[in-house]
Amino acid sequence: MDKTVSRMIKNGRVGIIPTDTIYGLVGSAFSPKTVENIYRLKKRNRKKPLIVLIGSRSDLKLFGVKADPSMHKIIKKLWPGPVSIIFDCPNEKFSYLHRGSGKIAF
């Protein structure tokens with residue numbers, strides 16, 4: 001990721017990065033304000049959760065997500081790659097991400 005975009009994200013701003021098919025709006029998943037700004041900019045339905053991009057499997061722990069051993073095998077097989085996996089995340093701390101569903105796609 002471009003260093004300028006990375007710096008913007010760390011400072012709570014929203015950035016734009018190319019993906020495999022389109023450009024995407026990105027920001028820190030740890031900032032409720034930034035997440036709300038992404039919803040506003042995209043004019044996205046606020047009931048629909050966003051996908052959270054992570055750098056490694058260990059980042060799941062930052063969201064309180066626990067994968068059982070069989071899920072670790074699937075993760076190892078599919079990641080890194082263009083696949084989103086939906087995990088249970090019942091922690092209300094992240095309700096601004098899971099929008100009340102108790103699940104987050106990574």
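How many salt bridges does the count come to? The count comes to 3 salt bridges, where a salt bridge is a side-chain nitrogen of Lys or Arg within 4 Å of a carboxyl oxygen of Asp or Glu. Keep in mind that this is a predicted model: local features need pLDDT of at least 70, side-chain atom pairs count only at pLDDT 80 or more, and totals for chains, interfaces and linings use all residues. Residues are numbered from 1 along each chain as its sequence is written, and side-chain values use heavy atoms, with hydrogens and water left out.

**Salt bridges**

- Glu 36, Arg 46 and Arg 99 are linked in a network of salt bridges.
- In the Arg 46 to Glu 36 pair, the closest N and O atoms are 3.2 Å apart.
- That pair links distant parts of the chain, with Arg 46 in the loop between α2 and α3 and Glu 36 in helix α2, 10 residues apart. (Helices, H or I of at least four residues, and strands, E of at least two, are DSSP runs numbered from the N terminus.)
- Glu 36 also bridges to Arg 99, with closest N and O atoms 2.9 Å apart.
- Arg 99 sits in the loop between α4 (95-98) and β4 (103-105) and Glu 36 in helix α2, so this pair ties together parts that are 63 residues apart in sequence.
- Asp 88 and Lys 103 meet through their side chains at 2.5 Å, N to O.
- Here strand β3 holds Asp 88 and strand β4 holds Lys 103, so the bridge ties together parts that are 15 residues apart in sequence.

**Ser 28**

- You'll find Ser 28 in the loop between β2 (23-26) and α2 (32-42).
- Ser 28 is buried, at 18% relative accessible area; buried means under 20%, exposed over 50%, and partly exposed in between (1.4 Å probe, protein chains only).
- A polar atom of the Ser 28 side chain lies 3.1 Å from the backbone nitrogen of Phe 30.
- Neighbours within four places in sequence aside, Ser 28 is in contact (heavy atoms within 4.5 Å) with Ile 9, Thr 34 and Val 35.

**Val 83**

- Val 83 lies in the loop between α3 (69-78) and β3 (86-88).
- Val 83 is partly exposed, with a relative accessible area of 32%.
- Setting aside neighbours within four places in sequence, Val 83 is in contact with Leu 78 and Phe 106.
- The C-alpha atoms of Val 83 and Phe 106 are separated by 8.4 Å, with the two residues 23 apart along the chain.

Terms used: A polar contact is a pair of N or O atoms within 3.5 Å; within protein, one must be able to donate a hydrogen and the other to accept it, and residues adjacent in sequence count only if both atoms are side-chain atoms.
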